[in-house]
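Good morning, and thank you for joining this group meeting.

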Amino acid sequence: MKKISYVCMVLFVFSPNSFASERQVSFDEFGNEWPLTVNSGTIECRQGNSVVFITDGKEYAINGTAEDLGYKDIRPIWKDDTSTGIV
């Protein structure tokens with residue numbers, strides 16, 4: 001997985017200058033750095049520190065806090081990173 005790209009996307013979306021608890025994100029915005037197999041979705045902060053990605057009516061955990069709350073694993077919609085051999 002391209003963890004660095006994903007972390008950068010999350011940091012960009014929820015920077016200290018951002019007052020929103022959610023943000024639409026898409027392949028169009030991030031281009032080839034987009035780490036997912038779906039074209040778009042919403043990143044949302046929930047219940048304190050949990051961060052989820054919502055697409056097609058499904059909610060995926062971005063961080064461990066969201067995983068602990070029972071959100072789906074995001075790996076099924078994560079692109080394989082063939083440049084590093086990590087899938």
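**Salt bridges and the sheet**

I begin with a charged pair: Glu 29 and Arg 23 form a salt bridge, and their closest N and O atoms are 2.7 Å apart. By salt bridge I mean a side-chain nitrogen of Lys or Arg within 4 Å of a carboxyl oxygen of Asp or Glu. Side chains of opposite charge can pair when their charged atoms come close.

Before I continue, please note that this is a predicted model, in which local features need pLDDT of at least 70 and side-chain atom pairs count only at pLDDT 80 or more, while totals for chains, interfaces and linings use all residues. Residues are numbered from 1 along each chain as its sequence is written, and side-chain values use heavy atoms, with hydrogens and water left out.

The structure holds 4 salt bridges. Another of them links Arg 46 to Glu 44, with the closest N and O atoms 2.6 Å apart. Arg 46 counts as buried at 17% relative accessibility, and Glu 44 is buried at 15%. A further salt bridge joins Arg 75 and Asp 73, with 2.5 Å between the closest N and O atoms. Arg 75 is exposed, at 52%, whereas Asp 73 is partly exposed, at 30%. Through shared partners, salt bridges also join Glu 44, Arg 46 and Glu 59 into one network.

Glu 59 brings us to the strands, for this residue of β4 stands opposite Ile 54. Strand β3 (residues 50–55) and strand β4 (residues 58–61) pair in the antiparallel sense over 4 bridges. Two strands pair if DSSP finds at least two bridges between them. In general, strands of a sheet pair through backbone hydrogen bonds, either parallel or antiparallel.

In what order do the strands of the open sheet lie? The order of the 5 strands is β1-β2-β3-β4-β5, and the pairing is mixed. At the edges are β1 (22–26) and β5 (72–73), each of which pairs on one side only.

Finally, the whole protein has 3 helices and 5 strands, these being DSSP runs numbered from the N terminus: helices are H or I with at least four residues, strands E with at least two. Along the sequence, the pattern is α-β-α-β-β-β-α-β. Of the 87 residues, 37% count as buried.

Key
Buried < 20%, exposed > 50% of the residue type's maximum accessible area, 1.4 Å probe, protein only.
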